[in-house]
Amino acid sequence: MDRTTTEAELSFTHPIRQIVLMLVVVVLVALGAFVAWGQLSGVFLANIWLNGFIAMVFIFGILACFWQVLQLMQSVRWILWVYPPGSAGSAGSRAAPFGPACGLVAQPGRADADFGIVVAVHPRFRRNPH
């Protein structure tokens, strides 16, 4: 059985499709609420404080999801700035200021690789404290 090994190439893209899908869902929920308001208004208005609080938490959750996606977009923008497409993994001079921080991350093959950045922060978490 002969297998060829292909190296996977990392690809970072902006989550435009996810944002569009989120907006479509928000519009559909708003449209459904508008259509059902006539039949459900009596139930909603029966306990306006509780149902208003539930609606507020729902809206806050939606805004938090959009905030997370916007943060993700900023992270992708930064990664693409440091490692431009076609750079084949070398960041060049843009990543030079981050050189000292590279020692904080555990390297594959080291005994403490599964502890990651905690190893450099606190020596108590090292496997071999000597």
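In which helix is the place of isoleucine 16? Isoleucine 16 has its place in helix α1, helices being DSSP runs (H or I, at least four residues) numbered from the N terminus.

The model is a predicted one, in which local features need pLDDT of at least 70 and side-chain atom pairs count only at pLDDT 80 or more, while totals for chains, interfaces and linings use all residues. Residues are numbered from 1 along each chain as its sequence is written, and side-chain values use heavy atoms, with hydrogens and water left out.

| Residue | Place | Relative accessible area |

Partly exposed lies between buried (under 20% relative accessible area) and exposed (over 50%), with a 1.4 Å probe and protein chains only. Ile16 and Leu31 are among the residues that make a nonpolar surface patch of about 710 Å², together with Val20, Val24, Leu28, Phe34 and Val35.

Helix α2 (residues 48-82) has 35 residues and spans 51 Å from its first C-alpha to its last, close to the 51 Å expected at 1.5 Å a residue, where the expected span is 1.5 Å times one less than the number of residues. Its buried residues are Asn51, Phe66, Val69, Met73, Val76 and Val82, and α1 is included in what covers the buried residues of α2. Methionine 73 is 57 residues from isoleucine 16 in sequence, yet their C-alpha atoms are 8.8 Å apart in space.

Asparagine 51, in helix α2, touches Val43 and Phe44 (heavy atoms within 4.5 Å), not counting residues up to four places away in sequence. A polar atom of the asparagine 51 side chain lies 3.4 Å from the backbone oxygen of valine 43.

Notes. Patch = residues over 30% accessible without salt bridge, like charges linked within 9 Å, V, L, I, M, F, W, Y side chains within 5 Å. Areas by Shrake-Rupley, 256 points an atom, 1.4 Å probe, with all protein chains shown as cover. Salt bridge = Lys/Arg side-chain N within 4 Å of Asp/Glu carboxyl O. Helix = DSSP H or I, 4+ residues; strand = E, 2+ residues; numbered from the N terminus. Polar contact = N/O pair within 3.5 Å; in protein donor to acceptor, adjacent residues only side chain to side chain.
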